[in-house]
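Hi,

Here is the structure I promised to pass on.

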Amino acid sequence: LRAEERLSSNIARVTDPRRLRHLHEVHRARRGDTLTVGIEEGGIGRATITGLTGHAVELALDELECAPPPPLPVHLLLALPRPRMLARTLENIAALGAKELTLLHTARVEKSFWQSPELSESRIRDHLVLGLEQARDTRLPRVGMAPRFRPFVEDELPALIEGRRALLAHPGQSVACPYRLPPGESVTLMIGPEGGFVDYEVERLQAAGFEGVHLGERILRVETAVVALLSRLF
Ligand code: SAM
């Protein structure tokens, strides 16, 4: 169970209607029941239900049993994948633990993808939460949207890569993606859309400071490339 609100050091509250329904209808929860709970700003532990209505469940937290692993010091810039790929891609990113994610428009992203209901805040959050739960983490990556490539690259990118390593995953590059960056090194990563980057984008990003790297000779789907890249670096 995830608790969205922490009222004090040892009291948390669940108000999300779907979670409440699940607690009432599937678990038949009662006052006094104990369960494992994840607190949104960090930590997983045992808790006892102390109050229970149709609108909220109040929990008394025991000591948090495990601090979640720190998210990787990564800002992932991901060309917006097709909507049916987005769920698994987001789940994988959250499970591996990136700090920040920006969904980005590039030439081979279809404009209609930006209208997809999959891009609603709540859907994105749901997919990320599934990945976090898998990894017993509770901290959501910060998510941003950059629906226009050129203004993003000109106005926002320089500050995002200043003082950081910046890697562009692009098949066919002569340099292989490094294994294991020094602990704590911050990095900005870019992954392209299903159709890949166009030449202009690669040139523009390399001019901005990205190193082009390959992930081997096989061309990977976006959801797989995300895993290959993140798990190789840390
Ligand atoms: N035909 C496209 C191309 O050649 O760029 C394939 C794009 S691939 C399905 C989607 C994205 O995953 C790529 O833009 C890249 O960022 C990443 N990717 C997949 N396989 C890769 C590899 N072997 N090396 C580097 N990046 C890869």
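Let's start with the largest pocket, which has a volume of about 530 Å³. A pocket here is an open set of points on a 1 Å grid over the protein atoms alone, where a 1.4 Å probe fits, with protein on both sides within 12 Å along at least five of seven lines. Its volume is the space filled by probe spheres set on the points, which are joined across faces, edges and corners. The lining (residues with an atom within 4 Å of a point) has 21 residues, and Leu1, Arg2, Arg19, Val129 and Glu133 are the closest to the centre.

Before going on: this is a predicted model, so local features need pLDDT of at least 70 and side-chain atom pairs pLDDT 80 or more, while totals for chains, interfaces and linings use all residues. Numbering runs from 1 along each chain as its sequence is written, and side-chain values use heavy atoms, without hydrogens or water.

Which element gives the most to the lining of the largest pocket? That is α3, with five residues. At least two each come from α1 (17–26), β4 (34–39) and α3 (121–134); helices (H or I, at least four residues) and strands (E, at least two) are DSSP runs numbered from the N terminus. By class, this lining has ten charged, seven nonpolar and four polar residues, with Asp, Glu, Lys and Arg as charged, Ala, Val, Leu, Ile, Met, Phe, Trp, Tyr, Cys and Pro as nonpolar, and the others as polar.

Domain 1 (2–66) and domain 2 (72–233), whose bounds come from an automatic or database assignment, each give at least three residues to the lining of the largest pocket. Their centres, over C-alpha atoms, are 33 Å apart.

The second largest pocket holds about 310 Å³. Its 20 lining residues include Pro171, Pro193, Ile219, Leu220 and Ala225, the closest to its centre. Eleven are nonpolar, six polar and three charged.

A polar backbone atom of Ala169 is 2.6 Å from a ligand oxygen atom. For Leu220, a backbone N or O atom lies 2.9 Å from a ligand nitrogen atom.

Cheers

Note on methods
A polar contact is a pair of N or O atoms within 3.5 Å; within protein, one must be able to donate a hydrogen and the other to accept it, and residues adjacent in sequence count only if both atoms are side-chain atoms.
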